[in-house]
Amino acid sequence: MTPSLRRIGAMVLRHLYILRGSWPRVLEMAYWPAVNMVVWGFTSQFFMQHSTWVAQAAGVLIGAVILWDVMFRGNLGVSLSFMEEMWSRNLGHLSVSPLRPHELVAAMLTMSLIRTMIGVVPAAVLAIPLYGFSIFDLGLPLVAFWANLMMTGWAIGLGVSALVLRFGLGAESLAWVMVFAVAPLACIYYPVSALPAWLQTVAWALPPAHVFEGMRAVMFGDGLDPALLVGAFALNGLYILGTAALFLRTHHVARERGLLLTQGE
Amino acid sequence: MDHPAIPPAIQVDDLRKCFGPVVAVDGVSFTVARGSVTALLGGNGAGKTTTISMLLGLLLPTSGTVRVLGEDMVAHRYRVLPRVNFSSPYVELPLRLTVAENLTVYGHLYGIPDVKGRIRTLADELELTAYLDRASGRLSAGQKTRLGLAKALLNQPELLLLDEPTASLDPDTADWVRGYFENYRRRTGATILLASHNMQEVERMCDHVLMMKAGKVVDRGAPSDLIDRYGRATLEEVFLDIARDRRRAGEEAAQ
């Protein structure tokens with residue numbers, strides 16, 4: 001194992017120790033996506049009988065809520081992992097260790113993936129016996145949808161982490177605010193065409209709109225337009241590069257302003 | 001055959017740090033010899049923590065240079081960080097992790113070959129074996145200090161920076177900690193730079209003292225030398241002379 005991978009592994013281990021030491025945290029991670037899925041499952045069943053649009057594709061709302069949680073948990077996985085270091089006033093020690101900022105970012109992304117799997121997979125599995133809906137039936141496109149939504153979550157999480165590093169823990173609520181700010185334009189439960197024309201342009205600039213549009217196309221049997229995936233991956237690449245650069249730049253500014261030792265609760 | 005000269009442990013030249021209009025460190029220059037124990041002294045706001053932060057690369061200087069173990073800390077800090085460590089009672093380790101978990105994480109971050117073995121050795125030396133499975137947040141102040149020390153010694157650092165290493169410790173534990181550092185230095189030849197407000201501690205442990213005030217190094221020398229020059233009985237009296245702008249006793253007598 002290279003020294004860099006070992007340091008990333010050490011940071012992942014640090015967060016796994018926290019999870020291992022607190023089963024309520026692990027339970028909570030799985031709890032909210034499951035509750036969300038159950039609520040939308042019943043809503044979906046109701047609409048199946050009263051909406052021709054929903055009736056055309058059983059599980060379109062449940063699928064949407066499960067995939068939305070991928071993005072939501074992906075964001076929280078990054079931002080909470082970073083804020084954990086600030087809450088525990090551990091940034092000072094980490095910053096004088098051989099851990100590089102980009103290795104810290106890599107560890108945060110890895111933890112985000114782990115936390116998202118813990119949160120979302122049980123809800124996805126639970127939907128099968130409860131509503132006879134398996135998101136895994138989406139097949140290969142599911143991998144692309146999941147990857148894209150994770151990447152959007154990472155981009156938001158890195159942006160939030162940068163702002164928290166710059167402005168302190170007073171900005172921690174941004175972890176929730178930012179992702180919900182994206183939600184209306186992500187077109188999770190409705191097609192992009194439902195938005196006013198001028199907002200549609202904004203929505204298409206966001207990768208989740210491409211993903212949810214693609215998910216509906218597959219579920220309605222229209223097949224997946226590869227352009228949607230290409231667009232989503234391209235936009236995600238831009239956003240991830242931009243927010244990773246913002247995080248690394250903010251880390252540099254924190255070294256100029258002496259924030260690495262003073263941040264904390 | 002000529003050997004390349006071994007650079008000093010720390011070499012600071014004309015170091016300056018400004019936070020907006022506030023000058024926290026104002027053109028400081030000093031050298032710390034390898035294997036020495038040096039104290040950075042000064043009142044609150046003198047610039048000690050800012051200087052230590054720049055030595056560690058946590059803070060970027062406005063101007064001037066910092067070389068640690070021969071490496072420039074702005075350009076090449078990652079070359080030297082595996083050979084340096086730091087301990088401060090004001091920078092905690094994650095409280096929810098156990099002692100062993102904290103040390104394991106940092107052992108891997110520092111690339112220690114046998115992490116478990118090193119933790120066993122340090123736990124034994126620092127009397128932490130009984131607490132390895134205890135959450136760090138449930139340790140007493142003395143135990144937390146020993147944990148911080150264990151973390152700082154994981155990589156057997158060539159240079160150890162200590163920020164008030166015995167603050168908030170009872171006299172017995174503080175004495176034990178000082179003895180441990182003295183022994184560590186003798187055993188390994190490591191260099192130690194410490195910031196402290198405990199003048200007895202500095203007199204006992206340090207070969208050299210840097211007195212800071214208002215961001216500048218205003219005096220320096222061996223503790224006994226400073227005491228002689230100021231005509232005082234203790235280093236604490238010298239500290240008070242400097243802090244309160246009193247002149248040296250000899251100069252006062254001459255006037």
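This is a predicted model: local features need pLDDT of at least 70, side-chain atom pairs count only at pLDDT 80 or more; totals for chains, interfaces and linings use all residues.
Student: What is the mean pLDDT of chain B?
Tutor: For the complex, the predictor gives an ipTM of 0.88 and a pTM of 0.90. Within chain B, 95% of the residues reach a pLDDT of 70 or more. The mean pLDDT of chain B is 91.

Student: How many helices and strands are there in chain A?
Tutor: Read from the N terminus, the elements of chain A run α-α-α-α-α-α-α-α-α-α-α-α. The radius of gyration of chain A is 19 Å, close to the 18 Å that the globule rule gives for 265 residues, so this chain is as compact as a globular protein of that length. The C-alpha atoms of chain A fill a box of roughly 60 × 40 × 35 Å. The count for chain A is 12 helices and zero strands.

Student: Which percentage of the accessible surface of chain A belongs to carbon and sulfur atoms?
Tutor: Buried residues make up 55% of the 265 residues in chain A. The accessible surface of chain A comes to about 11000 Å². The part of that surface belonging to carbon and sulfur atoms is 71%.

Student: What is the corresponding percentage for the accessible surface of chain B?
Tutor: In chain B, buried residues make up 53% of the 255 residues. The accessible surface of chain B comes to about 11100 Å². Carbon and sulfur atoms account for 49% of it.

Student: How far apart are the mean positions of the positive and negative charges in chain A?
Tutor: Chain B has 31 positive and 32 negative charges, and their mean positions are 4 Å apart. Chain A has 14 positive and 12 negative charges.

Student: Which elements do the buried residues of α4(B) pack against?
Tutor: Helix α4 of chain B spans residues 115-125, and its buried residues are B:Val115, B:Gly117, B:Arg118, B:Ile119, B:Leu122 and B:Ala123. The helix is followed by B:Glu127, whose phi is positive, near 55°. The packing partners come from both chains: α1 (3-20) of chain A, and α3 (99-109), α5 (141-153) and α6 (171-188) of chain B.

Student: How many of the nine residues of helix α1 of chain B are buried?
Tutor: Among the buried residues of α1(B) are B:Lys48, B:Thr50 and B:Ser53, along with B:Ile52 and B:Met54. Just after this helix, B:Gly57 takes a positive phi of about 80°. Helix α1(B), residues 48-56, is largely enclosed by the rest of the structure, because its buried residues number eight of the nine.

Student: Is B:Phe239 buried or exposed?
Tutor: B:Phe239 is found in helix α9 (residues 235-243) of chain B. Leaving aside residues up to four places away in sequence, B:Phe239 touches B:Leu41, B:Gly42, B:Gly43, B:Met199 and B:Met211. One of these, B:Met199, is 40 residues from B:Phe239 in sequence and 8.2 Å from it in space, C-alpha to C-alpha. The relative accessible area of B:Phe239 is 15%, and the cut-off for burial is under 20%, so B:Phe239 is buried.

Student: Is B:Leu69 buried or exposed?
Tutor: B:Leu69 lies in the loop between β4 (63-68) and β5 (71-72) of chain B. Its phi is near 50°, a positive value in a residue other than glycine. With a relative accessible area of 6%, B:Leu69 is buried.

Student: Is B:Ala214 buried or exposed?
Tutor: B:Ala214 is found in the loop between β9 (208-213) and β10 (216-221) of chain B. B:Ala214 has a positive phi of about 50° although it is not a glycine. Its relative accessible area is 57%, and the cut-off for exposure is over 50%, so B:Ala214 is exposed.

Key: Residues are numbered from 1 along each chain as its sequence is written. Chains are lettered from A and ligands numbered from 1 in the order in which they are written. Side-chain values use heavy atoms; hydrogens and water are left out. pLDDT is the predictor's confidence in each residue, from 0 to 100. Buried means under 20% relative accessible area, exposed over 50%, partly exposed in between (1.4 Å probe, protein chains only). Accessible areas come from the Shrake-Rupley method with a 1.4 Å probe; for residues, only the protein chains shown count as cover. Lys and Arg count as positive and Asp and Glu as negative; His and the chain ends are not counted. The place of a charge is taken as NZ of Lys, CZ of Arg, CG of Asp or CD of Glu. Helices (H or I, at least four residues) and strands (E, at least two) are DSSP runs, numbered from the N terminus. Contact means heavy atoms within 4.5 Å. The radius of gyration is taken over C-alpha atoms; the globule rule is 2.2 Å times the number of residues to the power 0.38.
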